[in-house]
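Me: I'm new to this one. Can you walk me through it, a bit at a time?

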Amino acid sequence: MASYLLSFLFLSVTLSLAIAEKPMHFHFYQHKTVSGSNPSAVKVAKGPIPLPVGPYSFGDIIVLDDPLTSGPEPTSPLLGRAQGLYSVMNSPTVTWVFNIVLTCGEYNGSTIAIMGRDDIPLPVRELSVVGGSGAFRMARGYVLLKTYSVDIINGDAELELDVYVYPAKL
């Protein structure tokens, strides 16, 4: 009986700490450029089944090193990079695995690890924060992702990211 009471007390304290915790919020614009002479995203594997719209096929794998800026214009101040990859599914859906690498300010050099399914036609999508490094070691949280603009012919896109991060308490 005492072990049940102790377990209940531990669970209550843990839940109250989790509820009181406030996430850190970051806002970025991600600029994905696949066309032109200086792309930030490169197709490294070509899938066998073309999708009905756009330049992609089921099974494509794209490696990216996209700039993250404070505003929607590519000339906005650079805050970091989105580095990783995404794979194209057999629908207008991709699976993301990437790091947000912060390159300025208080968190310069820290990373936030992101993973998840992006159902592109939805107005707002959610990805998971699954870790990080530096100030965000063992972080958790989520990303709300919106398409700001897209060129359906060549695949260039600007995405708006709202990142909510709960850093680990070490």
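Me: Which residues form the nonpolar patch on the surface?
Reply: This is a predicted model. In it, the patch is made of Val 42, Val 44, Ile 61, Val 63, Leu 85, Val 97, Met 115 and Val 130. Together they have about 610 Å² of accessible area.

Me: Which strands each supply at least two residues of it?
Reply: Strand 2, residues 41-45, and strand 5, residues 61-69.

Me: Take Val 42. Where does it lie?
Reply: Val 42 is in strand 2.

Me: Is Val 42 buried or partly exposed, and why?
Reply: Val 42 counts as partly exposed, because its relative accessibility is 41%. Buried would need under 20%.

Me: New topic: rings. How many aromatic pairs does a search of the whole structure find?
Reply: Eight. One of them joins Tyr 29 and Tyr 148. That pair is edge-to-face, at 5.4 Å centre to centre, with 80 degrees between the planes.

Me: Where in the chain do Tyr 29 and Tyr 148 sit?
Reply: In distant parts of the chain. Tyr 29 is in strand 1, residues 24-32, and Tyr 148 is in strand 10, residues 140-150. They are 119 residues apart.

Me: And Tyr 29, buried or exposed?
Reply: Tyr 29 counts as buried, at 9% relative accessibility.

Me: Which residues do ring pairs link into a cluster?
Reply: Phe 26, Phe 28, Tyr 107 and Phe 136.

Me: What lies over the face of Tyr 166?
Reply: Arg 140 does, at 4.8 Å from the ring centre.

Me: How many salt bridges does the structure hold?
Reply: Five. Arg 140 turns up again here: it forms a salt bridge with Glu 21. The closest N and O atoms are 2.6 Å apart.

Me: What does the Arg 140 and Glu 21 pair tie together?
Reply: Arg 140 lies in strand 10, and Glu 21 lies in the loop between helix 1 (2-20) and strand 1. So the pair ties together parts that are 119 residues apart in sequence.

Me: Glu 21: buried or exposed?
Reply: Buried, with a relative accessible area of 17%. That falls under the 20% cut-off. Arg 140 is partly exposed, at 42%.

Me: Which residue forms a salt bridge with Lys 43?
Reply: Asp 60. The closest N and O atoms of that pair are 3.2 Å apart. This pair also links distant parts of the chain, 17 residues apart. Asp 60 is in the loop between strand 4 (57-58) and strand 5, while Lys 43 is in strand 2.

Me: What about the cover on Asp 60, buried or exposed?
Reply: Asp 60 is buried, with a relative accessible area of 0%. Lys 43 counts as partly exposed, at 35% relative accessibility.

Me: One more bridge. What does Arg 81 meet?
Reply: Its side chain meets that of Asp 65 in a salt bridge, 2.9 Å from N to O. Arg 81 is in strand 6, residues 78-88, and Asp 65 is in strand 5. They are 16 residues apart.

Me: Are those two buried or partly exposed?
Reply: Arg 81 counts as partly exposed, at 23% relative accessibility. Asp 65 is partly exposed too, with a relative accessible area of 33%.

Definitions and conventions
Residues are numbered from 1 along each chain as its sequence is written. This is a predicted model: local features need pLDDT of at least 70, side-chain atom pairs count only at pLDDT 80 or more; totals for chains, interfaces and linings use all residues. Side-chain values use heavy atoms; hydrogens and water are left out. Patches are made of residues with over 30% relative accessible area and no salt bridge: like charges are joined within 9 Å, nonpolar side chains (Val, Leu, Ile, Met, Phe, Trp, Tyr) within 5 Å. Accessible areas come from the Shrake-Rupley method with a 1.4 Å probe; for residues, only the protein chains shown count as cover. A salt bridge is a side-chain nitrogen of Lys or Arg within 4 Å of a carboxyl oxygen of Asp or Glu. Helices (H or I, at least four residues) and strands (E, at least two) are DSSP runs, numbered from the N terminus. Buried means under 20% relative accessible area, exposed over 50%, partly exposed in between (1.4 Å probe, protein chains only). Rings of Phe, Tyr and Trp (its six-membered ring) pair if their centres lie within 6.5 Å; planes under 30 degrees apart count as stacked, over 60 as edge-to-face and the rest as tilted. A charge sits over a ring if NZ of Lys or CZ of Arg is within 6 Å of the ring centre and within 35 degrees of the ring normal.
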